[in-house]
Amino acid sequence: MIPVNMATLSSKPGLRYSVSDWATNNKQISHTAENKRNVSHEIRQEGRALRNETTSKTNWDEYDSTRRLSDRINDVTRWKENLKACAQQLDAEMDALTLSKEETERALAATLLPLEVTAECLNLREGRRGMELVCDPVEAELKKEVEVIDGAQRILQQCIDQAFEQLCRLQEARQQLTIDLQDKIEALDVDMSCLSLTIRSPEISLKPNPTRVPPGSTTPQQWEQFSRYNITRAKEEMQASVQIRENNSITRAQVQNELEAQRMTVEFALRKRTHHEEQAYHEMQWQLKTTQEEIAELEKDICHLEEDMQAKTAPLKLVHTRLENRIKRPGMDLCRDEVQFGLVDEAKQLEATILALKQKLAHAQHSLQSLKQHEAQMMEDLSRKQDALSLEQRSNQTRQCLTLGVQTEGLPSAVVPLTNSSGRHKLDLA
């Protein structure tokens with residue numbers, strides 16, 4: 001007999017599935033799980049492949065960046081060495097140009113003494129008096145020497161100005177090289193620091209927007225062109241500096257040659273003029289001595305003429321007395337006899353003799369006066385010649401310092417040979 005309570009048991013409410021549905025559902029879940037696992041497997045395989053690929057890519061990129069960084073360091077180092085070598089060459093050229101400029105300045109300063117000496121000689125020769133103040137070849141050569149020195153000073157000053165301007169340009173090029181070299185050094189330090197970094201370096205970190213392009217960035221072509229331009233400009237300025245140094249050296253030699261040639265020409269003309277003045281001085285001394293001797297002889301002759309005139313007075317008195325006394329003869333004895341005619345002739349002859357002696361005495365006295373006046377003129381002219389000769393000798397002594405300066409200062413030998421003044425010092429005085 002069935003219990004009553006079992007007969008009244010109720011079933012769970014809800015949708016019920018059939019066994020086939022249940023089996024289908026289980027199969028579907030299994031299939032879905034298998035699909036999901038397959039997808040997961042593919043994803044895992046793709047992830048592993050991606051990890052391997054990205055790891056390789058990352059390692060290669062890191063290696064390539066390191067290699068490029070190393071190549072960049074080599075390029076920067078090469079340009080830095082080029083800039084450094086060019087800067088050293090530029091420094092050496094600046095030193096050489098500075099030395100050339102200083103030598104030119106010393107050459108310019110060395111022209112002051114010849115100019116002062118020439119001006120002193122011209123001033124000394126202005127002290128000549130009278131006919132000795134002539135415009136002779138010495139004065140012409142001295143004035144020409146002043147012109148030569150003035151021209152030399154202008155040329156040397158132009159060389160100094162050109163050297164100074166070139167030094168400024170070299171300094172500008174050197175400053176540009178210094179800036180470029182300093183930038184290369186700093187960039188090299190940065191790249192070397194970057195090259196030393198690794199993934200295990202403690203100072204690496206993420207940065208905000210590291211791929212930004214900073215303002216003022218340049219291309220590699222611009223970077224290389226900038227350094228090449230600086231080096232090219234420096235070399236061009238160095239070449240111009242070498243040309244200026246060569247021109248300065250040639251100019252100094254030419255100026256030295258011209259000054260030396262003109263100095264020798266002036267000294268030759270001065271020696272020649274001194275020789276002529278000495279000859280004229282000695283000639284004037286001889287003329288003065290001869291004139292003085294002639295004056296002495298003429299004075300003696302005047303004394304003799306006066307004595308002769310005095311001696312003729314007594315005979316004339318005698319004749320006059322005889323003639324006067326014979327006038328006192330009486331009567332027919334007052335005869336114009338031969339005695340009378342002889343006394344008259346004697347009187348006339350004595351009077352004529354005395355007149356001739358008086359005339360000759362007057363002529364002699366006039367000649368004596370003329371000789372004495374000319375003697376005074378010759379003495380004055382001799383004094384002027386002596387003064388002029390003394391001035392020429394002082395000019396010679398003044399110019400001796402130029403010759404001593406050339407011998408003692410050891411001036412460099414001239415590069416340009418003399419072509420129009422060789423052998424002037426060997427000429428004989430005419």
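In the predicted model, Q373 is partly exposed, because its relative accessibility of 46% falls in the range assigned to that class. The residue belongs to helix α6, which spans residues 338-409. Although Q373 and Q292 are separated by 81 residues in sequence, their C-alpha atoms lie 11 Å apart in space.

L270 provides a contrasting case. With a relative accessibility of 2%, L270 counts as buried, because buried means under 20%. This leucine is placed in helix α5, the element that covers residues 220-326. When neighbours within four places in sequence are set aside, the contacts of L270 are with V138, E392, S395, N396 and R399. Along the chain, L270 stands 11 residues from L259, and the distance between the C-alpha atoms of these two residues is 16 Å.

At the level of the whole chain, the secondary structure consists of 6 helices and 0 strands. The order of elements along the sequence is accordingly written α-α-α-α-α-α. The radius of gyration of the protein chain is 63 Å, whereas the globule rule gives 22 Å for 430 residues; the chain is therefore more spread out than a compact globule. Along the principal axes, the C-alpha atoms fill a box of roughly 270 × 40 × 30 Å. Of the 430 residues in the protein chain, 29% are buried. Contacts were also examined by separation in sequence: among those between residues at least 6 apart, 90% join residues at least 24 apart.

In soluble globular proteins, nonpolar side chains tend to be buried together. The largest nonpolar core in this model contains 22 residues, of which C86, L90, L97, L170, L177, I231 and A234 touch the most other members. At least two residues of this core are supplied by each of α2, α4 and α5. Helix α2 gives the largest share, with 10 residues. The surroundings of one member, L177, illustrate the arrangement: residues up to four places away in sequence not being counted, L177 touches L83, C86, A87, L90, N230, I231 and A234. Another core lies apart from the largest one and has 10 residues, including L298, M309, L357 and A364.

Empty space was considered next. Rolling a probe the size of a water molecule over the atoms shows where such space is left. The second largest pocket has a volume of about 340 Å³. Its lining is formed by 13 residues, and those closest to the centre of the pocket are E62, C194, L197, T198 and I204. Two elements, α2 (19-110) and α4 (137-196), each give two or more residues to this lining. The largest share comes from α2, which contributes 4 residues. When the lining of the second largest pocket is sorted by class, 6 residues are nonpolar, 4 are polar and 3 are charged.

A final feature concerns the backbone. Most residues other than glycine have a negative phi. N209 has a phi near 50 degrees, a positive value in a residue that is not glycine. This asparagine is located in the loop between α4 and α5.

Notes: Residues are numbered from 1 along each chain as its sequence is written. This is a predicted model: local features need pLDDT of at least 70, side-chain atom pairs count only at pLDDT 80 or more; totals for chains, interfaces and linings use all residues. Side-chain values use heavy atoms; hydrogens and water are left out. On a 1 Å grid over the protein atoms alone, a cavity is a set of points where a 1.4 Å probe fits but cannot get out, and a pocket is an open set with protein on both sides within 12 Å along at least five of seven lines; lining residues have an atom within 4 Å of a point. Grid points are joined across faces, edges and corners, and a volume is the space filled by probe spheres set on the points. Ala, Val, Leu, Ile, Met, Phe, Trp, Tyr, Cys and Pro count as nonpolar, Asp, Glu, Lys and Arg as charged, and the others, Gly among them, as polar. A nonpolar core is a set of buried Ala, Val, Leu, Ile, Met, Phe, Trp, Tyr and Cys residues joined through side-chain atoms within 4.5 Å. Buried means under 20% relative accessible area, exposed over 50%, partly exposed in between (1.4 Å probe, protein chains only). Contact means heavy atoms within 4.5 Å. The radius of gyration is taken over C-alpha atoms; the globule rule is 2.2 Å times the number of residues to the power 0.38.
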